[in-house]
Amino acid sequence: MGVRFAGWGVGLGERVVTNDDLSQTLDTSDEWISERTGIRSRRIGGSASSLGIVAGRNALNDAGLRGDDIDHLVLSTTTGDRVIPGTAPIIASELGIRGGAVDLNAACSGFMYGLAVARGLIATGAGRVLLVGAENLSRWTDWEDRSTAVLFGDGAGAVVLEADSTDAVRSLNLGADGSLADLIYADHGGFIHMDGREVFRRAVRIVVESAERALHDAHVTMDDVSLVLAHQANQRILVAVAERLGVDFSKVEVCLDSYGNTSSASIPLAVDQARRAGRLQKGDTVLMTGFGAGMTWASAVVTWS
Ligand code: ACO
């Protein structure tokens, strides 16, 4: 049994914070942030549950479904409301989903890991799974540290996955290397710390390798791919990845300029933007790819449904 995408939705922090806003309190500038990252503003506010509820409700509406049509909820988050309990049951309860509800944490690769888990649930009998990526990174950000404070934003995205006789997911490549755990981390109650330069260097190599494996396993080449939906961390990472994959940058969806790095939410936010712009059509071959703390990475070749 395969999966199809039945509906998408997003939720965003209510407050728009521009680079100029940040330069009021930090030794930084719009010029530095824009040139080094591509980020111009980010959305701040909400919790993983409140943002996830909005995204989930929008995805259900887009699919023409209600909570009790959904068997299980899978939530990708690094910034759940509390350490205990998980945030997925709170979102599920609010949306009227009565089946299983579980949090998973693969940092910025989490939405892709969630896709793998949700697809597995469908392969073992579930009819529909709501996959949500929701992050409240602003709570874990040290607003006095200019090297990280300029990067992150709050947001959520969701998709309803439905059992289907054909499979939208043609290949999935997942990986992790815990020996790199100290490159990006936050301890309980602490802030996010990151060796940005090293993450940058490794991310480009990891994403390219993972994407090439996913393309190989799906028996397609980059020429067959009409759109790349990648984790939105830094525009320079996206440019370097596109160059190494040999794809024109016009085929790479970019939404980090408006939202910053929203970790688990960034890929579904990119999907939402691409859908609204008419850049995703049924039958298109799409490459989805993410990387993040762990380090973790994940790529999929998908036939748009
Ligand atoms: N404003 C002005 N100057 C700054 C700022 C800022 N906001 N931040 C850092 N600088 C300074 C540094 O202090 C440094 O100054 P120095 O040369 O005097 O020491 C200089 O700018 C260069 O710093 P670098 O860290 O080398 O800058 P770089 O070009 O590498 O850009 C950045 C930093 C944007 C963090 C980049 O390395 C990056 O994007 N890395 C990848 C991050 C990422 O992908 N994270 C994803 C995972 S996040 C997750 O999983 C939750």
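Colleague: Which domains does the domain assignment of the chain give?

Modeller: Good place to start. This is a predicted model, and its chain is assigned domain 1, spanning 2-164, and domain 2, spanning 169-303. Taken over C-alpha atoms, the centres of domain 1 and domain 2 are 16 Å apart.

Colleague: How many residues does the contact take from domain 1 and from domain 2?

Modeller: Domain 1 contributes 46 residues and domain 2 contributes 45 residues. Here contact means heavy atoms within 4.5 Å.

Colleague: And how do I read the buried area? What area do domain 1 and domain 2 bury between them?

Modeller: Remember that the figure is summed over both parts. For this pair, about 3600 Å² is buried, with 66% of it on carbon and sulfur atoms. On the domain 1 side, Cys 108, Met 112 and Trp 140 supply 20% of the area buried against domain 2, more than any other three residues.

Colleague: Which element gives the largest share of the side of domain 1 that touches domain 2?

Modeller: That is H5, with 7 residues. Elements giving two or more residues to this side include helix H2 (30-37), helix H5 (110-123) and strand S6 (128-136). Sorted by class, the side of domain 1 touching domain 2 holds 22 nonpolar, 14 polar and 10 charged residues.

Key. Residues numbered from 1 in each chain as written. Predicted model: local features only at pLDDT ≥ 70, side-chain atom pairs only at ≥ 80, totals over all residues. Heavy atoms only, no water. Domains from an automatic or database assignment. Buried area = accessible area lost by both parts, 1.4 Å probe. Helix = DSSP H or I, 4+ residues; strand = E, 2+ residues; numbered from the N terminus. Nonpolar A, V, L, I, M, F, W, Y, C, P; charged D, E, K, R; others polar.
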